[in-house]
Amino acid sequence: MWFDEAVVYQIYPLGLCGVLNEERSSDDSVVGHSILEVKDWISHIKKLGATCILFNPLMESDYHGYDTRDYYTVDRRLGTNDDLKEVCDAIHEAGLKILFDGVFNHVGRGFWAFKDVQEKKWDSPYCGWFHLSFDGNTEYNDGFWYEGWEGHNELVKLNLDNPDVRQHQFDAIKQWTDLYGIDGLRLDVAYCLSDFYLKELRRFTSTLKEDFVLMGETLHGDYNMYMNDEKCHSVTNYECYKGLYSSFNCANMHEISYSLNRQFGYENWCIYRGKHLLSFVDNHDVERIASQLEDKEHLPLIYAMEFAMPGVPGVYYGSEWAEQGEKAPDNDYALRPCFEEPKPNELTEFIKKLIRVRQESDALCNGAYKNVVIQNHQLVFERCSEKERVIAAINAADYPYTANAGELNGTAADLLTGETVTMKGQLEPKPY
C-alpha cells in the first residue's frame with residue numbers, strides 16, 4: 001500500500017489560512033477564498049520530499065473544524081467546494097496523495113440535524129441521530145439532555161448505530177472521493193468508534209478507490225483493537241510520540257528503545273511488527289517540538305530518530321523550520337498559526353535529507369527493529385529488511401561517544417553524507 005512508504009505533511013487549514021479566529025458571519029453568502037493559498041505551499045512540500053498532504057478539517061463548522069455543521073460544504077471561511085477542488089487538483093498534479101480528516105464521532109451544535117431537534121424537539125425526525133433524552137437538560141438549556149464527546153457539550157455525539165447517520169457520512173466520503181479525489185482519511189478519535197462502525201467504514205471505503213487508506217487517531221492501549229485487516233490500515237503512534245521527546249528531555253534513551261522494541265522488534269511477542277503506524281514529533285493537538293524540547297540542539301536528532309524508526313513519518317506545517325508553539329487553554333492559534341509563506345532554514349534542509357534517505361531505503365521503510373546499544377544519552381539500533389541493513393546511531397550528549405558492538409564490523413555507507421565508514425566493532429556517532 002502506498003501509505004506504507006509515505007511521508008505525511010500535515011496542514012491545519014483554518015490556522016494556516018488565517019481564518020481560525022474569524023467571527024462566523026450570519027450571512028451564508030459571505031465566502032472567503034483563503035484555501036487557495038495552499039497552492040503556494042505545494043512547491044515547498046514537494047521540495048521537502050513529502051508524498052502526502054493530510055488536511056485537518058475543511059468542512060463547514062462552528063469554530064475549529066471538529067464541530068461540523070455540514071459534511072458536504074467547505075467551511076465558508078476557507079472558500080467554496082470549487083476552490084478546494086482547484087487545490088486538490090493541483091496537489092494531485094504535483095504527484096502527492098491527499099488525506100482528509102474524517103470527524104465522524106461527533107458534530108457541532110450548529111449541525112443542521114441537531115438544529116432541527118432544537119427547533120422541533122421530539123417531533124424532529126432526527127432525534128434518533130443523537131444520544132438524547134427529553135427528561136434532562138445541559139448547560140445550553142435546549143430543553144433536553146444529550147451526550148457530548150468526553151463531556152464537551154459543544155461537540156454533540158452522533159448515534160453511529162443509526163444506519164441513516166452512517167449513510168449520510170458515507171455519502172459525504174463518496175463526494176470527497178469523487179469531487180476532490182482523496183486517497184484516504186484520518187479518523188478523528190478513532191478510539192471512540194465502535195468495531196461495527198470501523199468495519200462498515202472499511203468495507204465501504206474499499207469500494208471507492210484502490211488502496212484507500214484509513215488512518216485512525218488512537219492514544220493509549222492496544223492499537224490492534226483499531227488496526228487490522230477489517231478496520232484501520234494504520235493509527236497514530238502516541239506511545240512513541242511521548243517516548244521521543246521524553247527520552248531526550250530526561251536523558252533516558254531506554255524509554256524510546258523499550259517502546260520501539262516492544263512494538264516492532266524481532267521477538268514473536270512484539271505487537272506491531274510489519275505494521276506502519278504514523279510517527280510524529282508534534283501535531284495540531286500538542287506542543288510544538290521546538291517548544292517541547294529542553295535542548296534545542298536536539299531538534300535534528302529527534303527528527304533523525306523519527307525518520308529512522310519504524311513507521312510512516314509525519315511533519316506538521318511550520319515545525320520543519322522549528323516554529324515554536326506552546327499549548328495553552330483557549331488559545332488554539334498558538335498551535336495552529338497562520339504563515340504567509342514557508343520559512344525554510346538549516347533544519348528544513350536536514351529534514352529534506354532525512355526524507356530522501358528514508359525514501360531510498362527499503363530497510364527504513366519496511367525493515368524490522370533491533371536495539372544494538374542503549375545508554376542514557378545514546379541509542380544505536382538496526383533496521384533490517386530482506387534487501388538491506390541500516391544502522392542508526394543517536395548521540396544526544398555534548399561529547400564524543402564510542403559505541404562498542406562486536407557485530408558492527410565491515411564497511412558501510414553513511415546515508416546522509418555518502419562517505420564510506422569502516423567499523424571494527426565500534427561506532428562513533430557524533431555529538432549534537
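## Helix α10 and the sheet

Helix α10 (residues 299-308) lies across β17 and β18 and runs at about 155° to β18, where contact means heavy atoms within 4.5 Å, axes are lines fitted to C-alpha atoms, for helices over the stretch in contact, and angles run from 0 to 180 degrees between N-to-C directions. Helices (H or I, at least four residues) and strands (E, at least two) are DSSP runs numbered from the N terminus.

This is a predicted model, in which local features need pLDDT of at least 70 and side-chain atom pairs count only at pLDDT 80 or more, while totals for chains, interfaces and linings use all residues. Residues are numbered from 1 along each chain as its sequence is written, and side-chain values use heavy atoms, with hydrogens and water left out.

## Strand order and pairing

The open sheet is formed by three strands in the order β16-β17-β18, with antiparallel pairing; two strands pair if DSSP finds at least two bridges between them. Because β16 (368-374) and β18 (389-395) stand at the edges with a single partner strand each, one side of each is left without a neighbour in the sheet. From one strand to the next, the twist averages 20°.

Strand β17 (residues 378-384) is joined to β16 by six bridges, and V380 in β17 is the bridge partner of V373.

## Nonpolar cores

The largest nonpolar core has 117 residues, and Y303 and W176 are among those with the most contacts inside it. Such a core is a set of buried Ala, Val, Leu, Ile, Met, Phe, Trp, Tyr and Cys residues joined through side-chain atoms within 4.5 Å, buried being under 20% relative accessible area with a 1.4 Å probe, protein chains only. Helix α10 gives the most to this core, with eight residues.

Not counting residues up to four places away in sequence, Y303 touches V281, D282, I289, S319, E320, L347, I351 and L354. A second, separate core of eleven residues includes W2, C52, L99 and L278.

How values were computed
Buried < 20%, exposed > 50% of the residue type's maximum accessible area, 1.4 Å probe, protein only.
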